[in-house]
Amino acid sequence: MTTTFIPDTLVKPARPWRRTHRSTLAMLGFMVLAGLSSTGIVAVTGLAGPLGWYVAFVFSLAVLGFLGSFFRDRVVAVDLFATVLICTAFMTVLIPWVSIFYSVIKRGAPAFYKGYLTTDMLVTSSGEALNLGGLSHAIVGTLLMLTIASLICIPLGIIAAIYIVEIKGRFAGVVRFLTQAMSGVPSIVAGLFIYSTLVILVFHSFSGIAGACALAILMLPTVTRTAEEVLKLVPDHLRAASYALGASQTQTTFKVVLPSVRSGLITASVLGLARVAGETAPLLLTSGYFIKLTTNVRNGAIGSLPTYIFSTLGAGTTESVTRAWGGACVLLALILILFIGARSLGGRNKGR
Amino acid sequence: MPTQLVSDASPETSPDDPVGRVIATEYGPSDKVFRGVITSGAMMSLVVLALIGAFLLFRGLEIFRDFGFGFITNVVWDPGDGIDKATASFGIGAMLVGSVVTAVIALLIATPFAMGTALFLEFYCPSWLRIFLTSVLDLVAAIPSVIYGVWGYAVFMKYGTSWGRALNEHLGWLPLFHVPSQNFERSPLIAGMVLALMIVPITTSVARAVYSQAPRDQIDAVYALGGSRWSGIRHIVLPFGRSGLIGGAMLGLGRALGETVAVYLVLNLVFRINFEILASVGGNVASLIANKFAEAGEYELKALMAAGLVLFLVTLLVNFAATAIVGRTRGTES
């Protein structure tokens with residue numbers, strides 16, 4: 001009878017990509033242990049509050065991981081240590097964002113009353129009681145400027161994307177590169193540019209159209225790049241079929257390619273809008289801030305949500321700071337709505 | 001339409017017209033017009049960038065002529081009496097240093113976290129969670145800077161100040177953490193941390209896109225050799241994605257250098273070159289422009305335009321470099 005000899009050193013095939021019950025249990029135990037020890041650390045040392053507990057938690061995870069390396073294979077221990085580091089990096093990043101959303105809602109809520117969305121600040125100073133005044137002027141101004149900005153920017157962005165994907169012209173690479181570079185133009189520089197051209201030379205005063213142009217500059221790269229990604233998803237056989245039927249490139253683009261990605265292009269536009277809806281710096285330089293509800297976008301300053309937040313925060317009283325948080329709440333809600341709209345449209349497009 | 005197509009194409013139904021459709025490789029006249037219009041429209045980004053540079057230079061030229069290189073290096077911002085140009089003196093040295101200090105702090109804090117987050121999203125979290133978290137990441141990237149500023153000013157300042165005080169207590173012997181007075185509010189460190197939060201989504205999404213293209217077969221080979229998940233990341237993914245991470249970090253740097261409102265709200269604007277990151281002294285070119293714009297006279301406005309030009313060129317340079325670096329790993333994508 002022969003016995004199969006299995007050497008101790010034989011490497012067992014590992015499946016690191018698959019989580020077993022044992023490893024999940026080990027991980028959970030590890031977390032509980034770390035939680036207990038961090039509670040101990042908080043009790044003994046001067047660290048206080050949830051944030052102190054979190055710091056202690058990360059610290060004890062690291063220490064426990066290090067201790068674990070004495071009992072385990074070095075490779076496994078290092079892997080565990082890296083896992084802990086990567087997961088805590090992710091969780092740490094989440095904390096401030098959760099805090100932002102939480103404080104915007106919590107601190108913004110007191111600013112809301114029945115007429116908050118329908119009154120302007122013409123007869124109310126920002127330090128007055130919170131049941132007076134509102135931000136209708138800011139909402140209307142922001143929506144007007146966003147509309148004008150999208151009228152300017154969306155055709156241009158889609159044209160640039162068509163140039164890169166459909167025409168594949170000689171400068172396609174250059175256009176992509178410059179679009180990418182343009183996304184890094186500081187918003188205040190766009191504001192200065194529009195100020196030095198449109199505001200000084202054309203309108204001779206702050207103007208909603210000037211603000212919209214500054215927003216359009218900042219929006220262009222997002223729209224172009226997203227539209228480009230969308231157009232690339234159109235399968236080439238659609239174009240080939242169209243050409244085979246004798247269609248020209250113009251007909252192919254307008255009757256085959258663009259209709260097939262309509263919702264994707266809408267997503268691109270809405271994402272661009274979400275990106276610029278909260279731009280403050282360029283508006284301070286181009287559209288200014290005005291406390292009265294107005295739809296005059298040609299001449300004179302016009303209100304907008306970001307400048308409303310900025311100016312009420314600057315006033316410094318308790319009421320005005322609460323108003324700033326209220327404005328932040330509305331602005332964040334607007335962006336959230338735009339964003340979810342864009343996502344759901346894009347999702348439907350992908351599903352088809 | 002289909003009936004018409006048949007009648008056109010089949011010779012039996014129209015025997016008088018034996019000539020088929022002309023197959024040409026040249027574009028027809030309508031296509032030529034179309035291509036011309038699209039091409040000229042696509043040059044818009046080029047035109048806008050050139051116009052921004054040209055107009056800021058045009059407006060700021062007088063400042064560069066009057067102050068020369070000193071405009072970059074001097075540490076003074078004095079509009080004078082507003083009438084006589086000789087009484088005015090401008091130099092953005094302190095603001096440039098302040099921009100770099102805050103942006104570098106932001107970069108040093110944000111890059112490791114962005115790397116960890118990207119790795120987590122790509123290799124650790126379950127796929128249903130990944131789809132959700134990716135859209136969350138896109139969403140937080142769209143949070144306006146004014147909200148980051150308000151949050152940094154009203155919520156985060158308390159924590160940042162206490163951390164600054166603790167750092168100074170324990171590591172105050174380092175010149176970096178030295179402070180002239182015990183005021184830790186509105187310091188470059190706090191501004192840098194708020195900026196770090198703002199650039200994490202940018203760097204993460206670039207890094208994640210690069211990591212997701214890491215050669216799957218090589219990672220599987222590492223597993224087959226008995227390696228752990230970390231070995232695969234350490235030996236395959238990280239080397240592969242290095243330039244992507246650097247490029248993503250530099251895109252973040254460009255954003256941090258040009259950030260206005262958030263820095264304006266959380267940083268104390270003082271005209272002094274300051275490397276003591278805990279002291280309540282700092283600045284940044286963009287927030288200088290926002291700060292001085294409202295009350296600027298004609299000559300001071302020109303100085304602001306010149307400052308804007310410097311900022312524009314610096315960020316453009318950083319972005320060009322970043323785009324080139326990212327493009328090198330990812331080939332066509334960016």
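Tutor: Fine. Bear in mind that this is a predicted model. A:Glu228 is buried, with a relative accessible area of 3%.

Student: Why does A:Glu228 count as buried?

Tutor: Because its relative accessible area is 3%, and buried means under 20%.

Student: Where is A:Glu228 placed in chain A?

Tutor: In helix H7 of chain A, which covers residues 208–232.

Student: And what is A:Glu228 in contact with, leaving aside its neighbours within four places in sequence?

Tutor: A:Ala161, A:Ile164, A:Val165 and A:Arg176.

Student: Changing topic. How many residues does the contact take from chain B and from chain A?

Tutor: Chain B gives 82 residues and chain A gives 85. The area buried between the two chains is about 7600 Å², and carbon and sulfur atoms give 77% of that.

Student: Which residues of chain B lose the most area to chain A?

Tutor: B:Phe34, B:Ile147 and B:Phe293, which together make up 8% of what the chain B side buries.

Student: How many salt bridges are there between chain B and chain A?

Tutor: The count is one. The side chains of B:Asp138 and A:Arg343 meet there, at 2.9 Å from N to O.

Student: Which helix gives the most to the side of chain B that touches chain A?

Tutor: Helix H13 of chain B, residues 298–330, with 12 residues. That side of chain B divides into 56 nonpolar, 19 polar and seven charged residues.

Student: Now rings. How many aromatic pairs over all chains?

Tutor: The structure holds 16. One of them is A:Phe310 with B:Tyr264; the ring centres are 5.2 Å apart and the planes are at 45°, so the pair is tilted. This pair crosses between chains, from helix H12 of chain A to helix H11 of chain B.

Student: Are those two buried or exposed?

Tutor: A:Phe310 is buried, at 15% relative accessible area. B:Tyr264 counts as partly exposed, at 27% relative accessibility.

Student: What about B:Phe90 and B:Tyr299?

Tutor: They form a tilted aromatic pair, 6.0 Å centre to centre with 50° between the planes. B:Phe90 is in strand S2 of chain B and B:Tyr299 in helix H13 of chain B, 209 residues apart. Both B:Phe90 and B:Tyr299 are buried.

Student: Which residues form an aromatic cluster with B:Phe90 and B:Tyr299?

Tutor: B:Phe67, B:Trp77 and B:Phe271 belong to one aromatic cluster with them.

Technical notes: Residues are numbered from 1 along each chain as its sequence is written. Chains are lettered from A and ligands numbered from 1 in the order in which they are written. This is a predicted model: local features need pLDDT of at least 70, side-chain atom pairs count only at pLDDT 80 or more; totals for chains, interfaces and linings use all residues. Side-chain values use heavy atoms; hydrogens and water are left out. Helices (H or I, at least four residues) and strands (E, at least two) are DSSP runs, numbered from the N terminus. Buried means under 20% relative accessible area, exposed over 50%, partly exposed in between (1.4 Å probe, protein chains only). Contact means heavy atoms within 4.5 Å. Buried area is the accessible area (1.4 Å probe) that two parts lose on being put together, summed over both. A salt bridge is a side-chain nitrogen of Lys or Arg within 4 Å of a carboxyl oxygen of Asp or Glu. Ala, Val, Leu, Ile, Met, Phe, Trp, Tyr, Cys and Pro count as nonpolar, Asp, Glu, Lys and Arg as charged, and the others, Gly among them, as polar. Rings of Phe, Tyr and Trp (its six-membered ring) pair if their centres lie within 6.5 Å; planes under 30 degrees apart count as stacked, over 60 as edge-to-face and the rest as tilted.
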